[in-house]
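Visitor: I have a model open and would like to walk through it with you. Could you put it up, and then we start from one loop?

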Amino acid sequence: MRSARQTVRAAAVIAGTATVVSLVSAMAAPAAPAEPSPSDRGEHSSLHVVPLDADRVQFVQLDEPAREAEVSGLWELMLPVSAFPDPYVVSDRSGQTAQRGLAALAGVPRDSRVTPAECAPAAVSDPVIVRTATAFDGGSSFTLVLSRTDDPLTDLEGQLTDCTFAKAVDGRGTSSSVTDISVELLPPPMVSGDGALAYTRTVSRADSAASSRQLVLATQIGEYRVTAIAAQYEVGEPDATMLHLLFTNAIDRVAGR
C-alpha cells in the first residue's frame, strides 16, 4: 500500500494541477470487468475509474458547471483516453485553466513579459479544451487541443515566421526566470483540412527546470482548430511518430462529426 501511495503522489506532482483520482486496487478481490470509460464512448466525464494494474492513472481537471455545458460538444470530439500511449498520466483542462497550461508549455506563463512584444503567443480562442498525457517519469508529454475559432491559421504562421526567437521574463524580473523561446517552421503535414502548420519550439529556462523541445502540428477544420504538441523534457527529440498518429486520429474524429 505504501508503494501505491507513493506512485499516486509522484503522478500528482507531474500533473501539476488540482485533480481528482479514482483508483481500483490491483490487490482487490476479482471483480467483473470495468465498464468502458465515458471518454471511450465519446462522452466527457469529470472522473475516470482506471485499474491500477493497467499502469495508467486518470487525473481530470474539474470544470465549473457553467463551463461544462459550453465545452461539452468539444469533449465529444476529443480522442478518448485509450488513444494515448501507456503508461501515461492523463489530465483534462478547459477554459482559462487550459489557456494557462498552454501558455506555460509555450514558455510564457502568466505575468511574463515577452521581447519582442509582438512575439507573445496569442491566447487560444475560447471555448477550448486540452487533454494531456504525461509520462510517469515526467520525461515527455502529448497534448491535444480543440478549440473553436474564426481566425485563419495563416495569422499564426505569419507570427511564427516573424518570431523565430523571443525572450520571456516573469513578473518578478529575476535572472532565474528568463526563458528563451526559439521556433522553426517545418513543411506542413499532408492532412485534410483548411490549411496545416508544423513547427518545432524550444523552450529553455535559465534554471533548466522546465526546458523542453516540442513538435507542434495544427490544422483548421471549419470552425474547429486541432493542435497536437509533443514535448520532450529530457535528452532526445519528441516522438514524432506517435504525435502524427494522435494528430491524424483527432482530425478524423472532428471531420467525421
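Visitor: Where is Ala120 found?
Guide: Ala120 sits in the loop between strand E6 (113–115) and strand E7 (128–135), where helices (H or I, at least four residues) and strands (E, at least two) are DSSP runs, numbered from the N terminus. Bear in mind that this is a predicted model, in which local features need pLDDT of at least 70 and side-chain atom pairs count only at pLDDT 80 or more, while totals for chains, interfaces and linings use all residues. Residues are numbered from 1 along each chain as its sequence is written, and side-chain values use heavy atoms, with hydrogens and water left out.

Visitor: What does Ala120 count as, in terms of accessibility?
Guide: Ala120 counts as partly exposed because its relative accessibility is 29%; buried means under 20% relative accessible area, exposed over 50%, and partly exposed in between, with a 1.4 Å probe and protein chains only.

Visitor: And which residues is Ala120 in contact with, leaving aside its neighbours within four places in sequence?
Guide: With those neighbours set aside, Ala120 is in contact with Val114 and Gln159, contact meaning heavy atoms within 4.5 Å. Ala120 and Ala168 are 48 residues apart in sequence, and their C-alpha to C-alpha distance is 8.5 Å.

Visitor: How many bridges join E12 to E13?
Guide: Nine bridges join them, and the two run antiparallel, with Thr219 standing opposite Val226 in E13. E12 and E13 form a hairpin with two residues between them, and Gly222 in the turn has a positive phi of about 65°. E12 is mostly covered, with nine of its ten residues buried.

Visitor: New topic, the largest pocket. How much space lies in it?
Guide: The largest pocket holds about 980 Å³. On a 1 Å grid over the protein atoms alone, a pocket is an open set of points with protein on both sides within 12 Å along at least five of seven lines, and lining residues have an atom within 4 Å of a point; the volume is the space filled by probe spheres set on the points, which are joined across faces, edges and corners.

Visitor: Which residues lie nearest its centre?
Guide: Of the 39 residues that line the largest pocket, Pro121, Ala122, Ala123, Val124 and Leu156 lie nearest its centre. The largest share of the lining, six residues, comes from H3.

How values were computed: On a 1 Å grid over the protein atoms alone, a cavity is a set of points where a 1.4 Å probe fits but cannot get out, and a pocket is an open set with protein on both sides within 12 Å along at least five of seven lines; lining residues have an atom within 4 Å of a point. Two strands pair if DSSP finds at least two bridges between them.
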